[in-house]
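I opened the notebook to log a few look-ups on domains, helix packing and the chain contact. The entries follow in the order I made them.

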Amino acid sequence: MKRREFLKGTAAVAGTATIASPAISQTPTELTFYYPVAVGGPITKLVDTLAAEFEKENAGIKVKPVYAGTYQETLVKLITAHKSGGAPALSVVLSTDMFTLIDDDVIVAFDDFVKTDDDKKWLQSFFPAFMENSQTGGKTWGAPFQRSTVVLYWNKELFKETGLDPEKAPASWAEQLAFAEKLTKVDASGTATQWGVQVPSTGFPYWLFQGFSTQAGAILMNQEGNRTFFDKPEVIEALTYWVDLSRKHKVHPPGIVEWGTTPKDFFEKKVAMMWTTTGNLTNVRNNAKFPFGVAMLPAGKRRGSPTGGGNFHISSKAPKEQQEAAFRFARWCTMPERAAQWCVDTGYVAVRKDAFDTPVLKKYVSDFPAAAVARDQLEFAVAELSTHENQRVTKALNDGLQAALTGTKTPVQAMKDSQAEAERILVRYR
Amino acid sequence: MRRLTATIHGWLLLLPAMAFLALFTHWPAIGTLIDSFYSTPRPRRPSAFMGLGNYREIFDDPIFWQALTNNLWFAVGTIPVSIGLAMLMALWVNNHIAGRTLVRMAFFTPTVLPMIAVANIWLFFYTPQYGLLAQFLGLFGSFSQNWLGSKDTALLCVTIVAVWKEAGFFMIFYLAALQQISPSLGEAAALEGASRWYFFRRVQFPLLMPTTLFVLVNAVINAFRTVDHIVVMTRGGPDNATSLLLFRIYELGFGFWDTGLASAMTVILLLGLGLVALAQYTFLEKRVHYR
């Protein structure tokens, strides 16, 4: 891009001959910014608007947002670009890839750019639950941007038809099962036409599973990211509960449930309750043709959900002035008003508490109380599973979960195997 | 002197193609071979020579063996079926039937579509409860199956998608070959009172053999090369039930950034395919031509 502009400039100079080149002396800093799209809605348009507004207020910086695919693809593009020397100064990738990015020296900590008191205040403004996946070894490596948690959506119409109180979501594991049993409808031949509850298990089953495991009172990994606890009794108890929903109680679709079509199943009334990200809130609001409710996940021994979603990261290889620009843009995007607007537009949780005091979000929450559920659940939220060699370790867990859900392994065996594999990978990081 | 200029001319004409081939095929292949003997470089741990260490690790990895088994079943499922279907379709649209162009186009459409689009369409077909397949089977009484979400059916499902995508492509080659067969052969057979089946078995099929060899080589390569739909439909799941060799290589290389292991596995795949191609050309080619 730069070179093309340079060429264009040269051509212009050659053409007019007499004009000197004042443009060169004040070339704006160009900031390339990779971002993924993981939920429904016009995200690319929203990001372009953010960039344009930022440029208006910051004359010296040109922001070039690049849509880079899914989270996984964005990470691949970021690391490939880093290895070949052309890394974008700023990128949004999963907060859980922090250790991977640090191990490969792809990113720099935000602390180096925090200078003024305002900066310091900014760094402290985020919800603590979101910072758990953004900090390690006393440094902050990511700034929360599009963050989410898992919540339960329920179809009030189906609740009413079944004779359940349409305003009351299940509050405990026992209630969730009891409600789901009532909500599951079976036709004459014994085939279910409507399921009680559905928890998707393709792609990243570990994330939804972390809801169950946290509720069972388990923590899956240590803060250093070099040890996992997949075979602890609480974890096995959590998996057994999930597996039993489908295999024993038959109130949950069998086998592996597709993440992408879960909201659609909900819209089609094929399932009465679903677990999915708060990032789908706006999607559900626009597409559900029936009254629906949003609730915190039911409690086991306690309430619980993992946080999820993406952080801003600054690349280590970008030139200094681009890094500074990246820092300013990240800070600007997470100011209370902008965080509030982003929450309204997408359904992601506003990443800081004071965003909920802005007029925009106050009005939104009073019109649509469901939007506050995710915020209130943050109190019970834990860090998303994140370790060194994160992709490999989460795959070890995912394989185990899928094996148990499809019935090829018992929960005990599945978690033992996952733990053994994770142990093999992580032992060299201690 | 003259011969020398001719040689130089020849080499000069070859040079552009050779340069590109070397740059984009041979050099990466050699680079991969070299990388496969080294550990993956990390910022705090530079790459080190480890001989056959990567290979040993792959042979110890149960997912490799599963991917290999899956891939063999995938090949067994796609190759004969797509070739058979292609031949059948070609024979059909080679006849003078009403709406021939339309049928030809219909058969060829899957080939034109990008695999990613195809996979998304099929994702909808396989969706439980309200997907096309579920609705269709619903007509014959209730029947509920989570096609892609069960370890028993997932591999079969992705195999069917590959067949659907490939058969139309191979049909084009058969159609071209059928049209090369002289009509006088058909007339002679008709005069002799040969049945249609007999004519196909003794005349058309043997004359199609060179095409079959070509298609076979392609089908084998595709069976180890087509993974786009895996990425879209199952990401190798459930529990690696649809993980194919190339998908596993992508996962190792670009998911885990373990370039050493990914290189070693690429070399294994390359060697395997090379051997198969060699066998096809040396053993089959001798029997291919109609004498």
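Where in H4(B) does a kink lie? I found the kink at B:Ala106, shortly before the proline B:Pro110. Its angle is about 30°. I note that this is a predicted model.

I then checked the span of that helix. H4 of chain B runs over residues 100–112, which is 13 residues. From first C-alpha to last, H4(B) reaches 18 Å. That is close to the 18 Å expected at 1.5 Å a residue.

**Domains of chain A**

I looked up the division of chain A next. Domain 1 takes 24–147 + 308–372. Domain 2 takes 149–306 + 383–429. The C-alpha centres of the two domains of chain A lie 28 Å apart.

**Helix packing in chain A**

I took H10 (residues 205–215) and H18 (residues 390–405) of chain A as a pair. Their axes are 9 Å apart, and the helices pack at an angle of about 75°. Angles of 65 to 115 degrees count as roughly perpendicular, so H10(A) and H18(A) are roughly perpendicular to each other.

Which residues meet there? From H10(A) I listed A:Pro205, A:Tyr206 and A:Phe209. From H18(A) I listed A:Thr394, A:Leu397, A:Asn398, A:Leu401 and A:Gln402. The residues of this contact of H10(A) with H18(A) divide into 5 nonpolar, 3 polar and no charged.

**Chain A against chain B**

I turned to the contact between the chains. Chain A puts in 27 residues and chain B puts in 23 residues. Which helix supplies the largest share of the chain A side? I found H18(A), with 5 residues. Helix H4 (71–83) of chain A also supplies at least two residues of the side that touches chain B. By class, I logged 8 nonpolar, 10 polar and 9 charged residues on the chain A side.

How values were computed:
Residues are numbered from 1 along each chain as its sequence is written. Chains are lettered from A and ligands numbered from 1 in the order in which they are written. This is a predicted model: local features need pLDDT of at least 70, side-chain atom pairs count only at pLDDT 80 or more; totals for chains, interfaces and linings use all residues. Domain bounds come from an automatic or database domain assignment. Axes are lines fitted to C-alpha atoms, for helices over the stretch in contact, and angles run from 0 to 180 degrees between N-to-C directions. Helices (H or I, at least four residues) and strands (E, at least two) are DSSP runs, numbered from the N terminus. Angles under 35 degrees count as roughly parallel, over 145 as roughly antiparallel, 65 to 115 as roughly perpendicular and the rest as oblique. Two residues are in contact if their C-beta atoms, placed from the backbone, lie within 7 Å. Ala, Val, Leu, Ile, Met, Phe, Trp, Tyr, Cys and Pro count as nonpolar, Asp, Glu, Lys and Arg as charged, and the others, Gly among them, as polar. The expected span of a helix is 1.5 Å times one less than its number of residues. The bend at a residue is the angle between axes fitted to the seven residues ending there and the seven starting there.
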